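Student: I would like to learn how to read strand pairing and helix packing. Can we work through a case together?

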Amino acid sequence: MAGDAAAAEKHKIFLSMSYIGNDWQAEAANMIKAMAAHPSMRDKVDLQVQVSGPNAQRQIQQINSMVQAGADAIVVYPISPTALNQVVRAACGRGVTIIAYDAEITEPCAHNVTIDQTEAGQKTAEWLVDKLGGKGKIVAITGVPGTSVDTLRTAAAKEVFAKHPEIEIVAEAPGMWSQANARTELSKILATHKWADIDGLWMQVGCFTANAMQIEAGIKPEDLLPCAGEGSNGGRIQALPVGTEVEGANGMYAPMGAQRISYASPPYSGALALKLAVQKLEGKEIPKLTTLPLPLYTSEEMKLCEEGTWQEMSEGCNVFKPSIITNPGWFASIYSPDTPEVGLNAALLGEPEQ
């Protein structure tokens, strides 16, 4: 009975995840679970997780069920910025705090934690245009269709490209923010386009894979196409100068001097959303919109983390040794001064800082 009483005193918070078929979503979920397990949170939070997949109607049904089950707050990765509005409005009407992370919800009662997705699309596209001298044929690999993240990034990038008549998007495909999907879609594109016919790549996720595919095709590292894309650790390792000694580097997961601009929606956004939800439930005022700094680095700005400690990350390292991070698709932008509760072990294992 004592255990039941303790559970009743905790805030009942649900995590509603939609599409989960990529490294970013797994990492973000780990960091949310780690935040809930932190000593400052574990006696306050009863966290329950549900996954709807890329199905708006199912996510609506699950959120309804969460409200019926007595949710105090729901932290949500929405599959659509608008499809959930009615169920979110109803949840707010029953006193439930709703906080979306990374992707946004447009219902005014919801809170949102995200980067400026338009800025992400714009700045990466501008970098690519500059690298190409304002002309060339490019391939665009977008994200998960229907999400605000994909819609805003892609629209912003295309607006930049449209200002340069000699920039041509010769192929486009949804990569679902997955290295595996990026390989599948690039393979389809390469059935009708040769690497020699492509001048640059704009990819929400997949620069690591694109570089690997070029090397597999016999292209030398110094001839890799410039790629504007995600903050995967593998892509950042490839951007380090050729010959850089990096513990654990091997095969495609190695320094290549690749031309890159690397950005990320930080995976800690969900953990911060959970932290803000608890603050709101404790009676504190929280902003309707929390806009996170955009982690954006060119090849020249990559700084290797020797151990990945909190102190080291706070000093600006932004890429991890393959001996520490074995998965090249893992996202490296995990540091925020606002979330000292979660660090490297949170992103990797779901374990909080102590």
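Student: Which residue stands opposite Tyr297 in β12?
Tutor: Ser262 stands opposite Tyr297. Strands of a sheet pair through backbone hydrogen bonds, parallel or antiparallel. Two strands count as paired if DSSP finds at least two bridges between them. Here three bridges join β10 to β12 (residues 296–298), and the two run antiparallel. Helices (H or I, at least four residues) and strands (E, at least two) are DSSP runs numbered from the N terminus.

Student: What should I know about the model itself?
Tutor: It is predicted: local features need pLDDT of at least 70, side-chain atom pairs count only at pLDDT 80 or more, and totals for chains, interfaces and linings use all residues. Residues are numbered from 1 along each chain as its sequence is written, and side-chain values use heavy atoms, with hydrogens and water left out.

Student: Are the residues of β10 buried or exposed?
Tutor: Buried means under 20% relative accessible area, exposed over 50%, partly exposed in between (1.4 Å probe, protein chains only). In β10 (residues 260–263), Arg260 and Ser262 on one side and Ile261 and Tyr263 on the other are all buried.

Student: In which sense do β9 and β10 pair?
Tutor: Parallel, over four bridges, with β9 spanning residues 227–230. Arg260 is the bridge partner of Cys227. The chain goes from β9 through α9 (residues 233–239) to β10, a right-handed β-α-β crossover. Right-handed means that, with the strands pointing away from the viewer, the path from the first strand over the helix to the second runs clockwise.

Student: What is the strand order of the six-stranded open sheet?
Tutor: The order is β2-β1-β3-β4-β5-β11, with parallel pairing. β2 (45–51) and β11 (289–291) are the edge strands, each pairing on one side only. β1 (residues 11–17) pairs with β2 over seven bridges, and Ser16 stands opposite Gln50 there.
Tutor: Helix α2 (residues 23–37) packs on this sheet, touching β1, β2 and β4 (97–101). Contact means heavy atoms within 4.5 Å. The direction of α2 makes about 160° with that of β2. Axes are lines fitted to C-alpha atoms, for helices over the stretch in contact, and angles run from 0 to 180 degrees between N-to-C directions.

Student: At what angle do α5 and α6 cross?
Tutor: The axes of α5 (residues 117–131) and α6 (residues 148–162) cross at roughly 35° and come within 7 Å. The crossing is right-handed: the near helix is turned clockwise from the far one by less than a right angle. Ala125 and Leu128 are among the α5 residues in the contact, and Leu152 and Ala156 are among those in α6.
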